[in-house]
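This briefing is intended to be read alongside the sequence and the coordinates. Topics are grouped so that each can be checked directly in the viewer.

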Amino acid sequence: MSNTIQSVRGMNDCLPDAADTWQAFEGIVRDWLRRYGYRELRTPILEHTGLFKRAIGEVTDIVEKEMYTFVDELNGESLTLRPEGTASSVRAVIQHNLLYDGGKRLFYIGPMFRHERPQRGRYRQFHQVGVEALGFAGPDTDAELIVMCADLWRTLGISPTLQLNTLGDYASRHRHRQKLVAYFEAHQDVLDEDSKRRLHSNPLRILDSKNPAMQALNDAAPKLMDELDDAARAHFDALQALLRANGIAYEINPRLVRGLDYYNRTVFEWVTDQLGAQGTVCAGGRYDGLIEQLGGKPAPAAGFAVGIERLLALMEAAGTPLASPVPSAYICHAGDAAVAFAGQGASALREAGLAAVLHCGGGSFKSQMKKADASRARYAVIIGDDEAVARQVTLKPLRSTAEQTRVELPLAIDYLKNTTT
Ligand code: ATP
Ligand code: MG
């Protein structure tokens, strides 16, 4: 292997068996989004680095150490492979003035890039499906986002649990921040290096620390919940009432702060204990300030992103099968008359909407039957010169013990269309 080139560490190939699963998953997801009235937004994978610095925040894990940033040597511009989808979505919405006639429900699906230590559920190229409801201020929108997640989990046969918190608005965050800084300053001796660095730049993120030695200190830290002003509290109460009305269970987690700076008010995560340390399968919340922060006309917004690799792993753990398509027929043929008829037969099957693999490369019927079996096709369609002259085919079931039959081509097509075995 030393002389062969491998894929980049943390970036995975998706081989055909896995790709079948991904396609089935994407089909379910697109149908789910359509049913909720969300429309797709496709943005470039490369953006100006400044976009992410401004949107996500300079003192966040993503911007400080996870971004694939490089200089375009042809013009000196600093570019970054997108580490998440919200910044690009908001950029595009502002650039094309998409909110000119009111709120928009949008989604994206595709690869994201973060330079993290690869491990189970954590990759350098990973995939998200993300939903953004832009221009809507009320808690009804937050509830819609959460309700639609719960709906998807039901369809997929998984049951992550919902953790909910509110980050309040600017004034309450500011008050809370001052109390936090004072609290952590009084406990400098317990702070780890990361936390010391964050003490004055981004103290809220100290609460998000995964260091066990910091847990007790964090548990006893001043709570933002105690600083909420009336409007933010009313928003949070109304959201909870809507969740109860929709029969959605949740747990309030005052420690949930999210790793991106743009959130305010509602934040939530769907978590599972079945995936080890990488237990968050979906995360989101409200980011009312972001559109204005990126230069747009002020407008509220909320959204979430699902980590597809983690979701698929959870489905696997739950034993939810996703159907992978198999060809209806593998067409075997031998002889000069047979090759022409086999080609016509393959075209007729495909026109009828069936998937037909036409054998290429010659060989005996015996070796062709081996290939037919390996193709996962349900039937072998066998054409020798006899059949070709009679304009007939022999249908041999490959996945059952049923007898083979010799029939006219149109009958064979009808049969293949109407049988599932
Ligand atoms: P974590 O705390 O696990 O690093 P995060 O807060 O950085 O997650 P977000 O930026 O909120 O994650 O991304 C939303 C979702 O995308 C996550 O909940 C997770 O499911 C998925 N995700 C994030 N980073 C990765 C990664 N490197 N590999 C695989 N999935 C990821
Ligand atoms: Mg992360």
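The structure is a predicted model. Its largest nonpolar core has 84 residues, and a second, separate core has 20 residues. An open sheet of eight strands and an open sheet of three strands are described, and a search of the whole structure finds zero disulfides.

**Eight-stranded sheet**

- The strand order in this open sheet is β1-β5-β6-β11-β10-β9-β7-β8, and the pairing is mixed.
- Its edges are formed by β1 (39–40) and β8 (251–252), each of which pairs on one side only.
- Two bridges connect β1 with strand β5 (residues 104–113), and this pair is parallel.
- Within that pairing, Arg39 has Leu106 of β5 as its bridge partner.

**Three-stranded sheet**

- This open sheet has the order β2-β4-β3 with antiparallel pairing.
- Here β2 and β3 are the edge strands, each pairing on one side only.
- From one strand to the next, the twist averages 35°.
- Three bridges join the antiparallel strands β3 and β4, and Val71 has Ser78 in β4 as its bridge partner.
- Helix α2 lies across β2, β3 and β4 and runs at about 75° to β2.

- Helix α4 (residues 86–95) lies across β5 and β6 (125–134), at about 45° to β6.
- This helix is mostly covered, with seven of its ten residues buried.
- The buried residues of α4 are Thr86, Ala87, Ser88, Ser89, Val90, Ala92 and Val93.
- These buried residues pack against β2 (46–48), α2 (49–56), β5, β6 and α10 (290–293).
- Ser88, which lies in α4, is buried with a relative accessible area of 0%.
- The side chain of Ser88 makes a polar contact of 3.3 Å with the side chain of Glu47.
- Leaving out residues up to four places away in sequence, Ser88 touches Thr43, Glu47, Leu51, Phe52 and Arg82.
- After α4 comes Asn97, which has a positive phi near 50°.

**Strand β12**

- Strand β12 (residues 329–333) is largely enclosed by the rest of the structure, because five of its five residues are buried.
- Ala329, Ile331 and His333 point one way from β12, while Tyr330 and Cys332 point the other way.
- Three bridges join β12 to the parallel strand β13 (residues 356–358), where Ala356 stands opposite Ala329.

**Nonpolar cores**

- In soluble globular proteins, nonpolar side chains tend to be buried together.
- Within the largest core, the residues with the most contacts are Phe184, Trp270 and Phe304.
- Helix α5 (residues 139–156) supplies the largest share of this core, ten residues.

- A disulfide is a covalent bond between the sulfur atoms of two cysteines.
- The cysteine sulfur closest to that of Cys149 belongs to Cys282 and is 3.9 Å away, which is too far for a bond, given the cut-off of 2.5 Å for a disulfide.
- Cys282 is likewise in no disulfide.
- Cys149 is buried, with a relative accessible area of 0%, and Cys282 counts as buried at 1% relative accessibility.

**Asn75**

- Asn75 is placed in the loop between β3 (69–71) and β4 (78–81).
- At 46% relative accessibility, Asn75 counts as partly exposed, since that class lies between 20% and 50%.
- The side chain of Asn75 reaches the backbone nitrogen of Glu77 at 3.1 Å.
- Asn75 and Arg39 are separated by 36 residues in sequence and by 34 Å in space, C-alpha to C-alpha.

Key:
Residues are numbered from 1 along each chain as its sequence is written. Chains are lettered from A and ligands numbered from 1 in the order in which they are written. This is a predicted model: local features need pLDDT of at least 70, side-chain atom pairs count only at pLDDT 80 or more; totals for chains, interfaces and linings use all residues. Side-chain values use heavy atoms; hydrogens and water are left out. A nonpolar core is a set of buried Ala, Val, Leu, Ile, Met, Phe, Trp, Tyr and Cys residues joined through side-chain atoms within 4.5 Å. Buried means under 20% relative accessible area, exposed over 50%, partly exposed in between (1.4 Å probe, protein chains only). Helices (H or I, at least four residues) and strands (E, at least two) are DSSP runs, numbered from the N terminus. Two strands pair if DSSP finds at least two bridges between them. Contact means heavy atoms within 4.5 Å. Axes are lines fitted to C-alpha atoms, for helices over the stretch in contact, and angles run from 0 to 180 degrees between N-to-C directions. A polar contact is a pair of N or O atoms within 3.5 Å; within protein, one must be able to donate a hydrogen and the other to accept it, and residues adjacent in sequence count only if both atoms are side-chain atoms.
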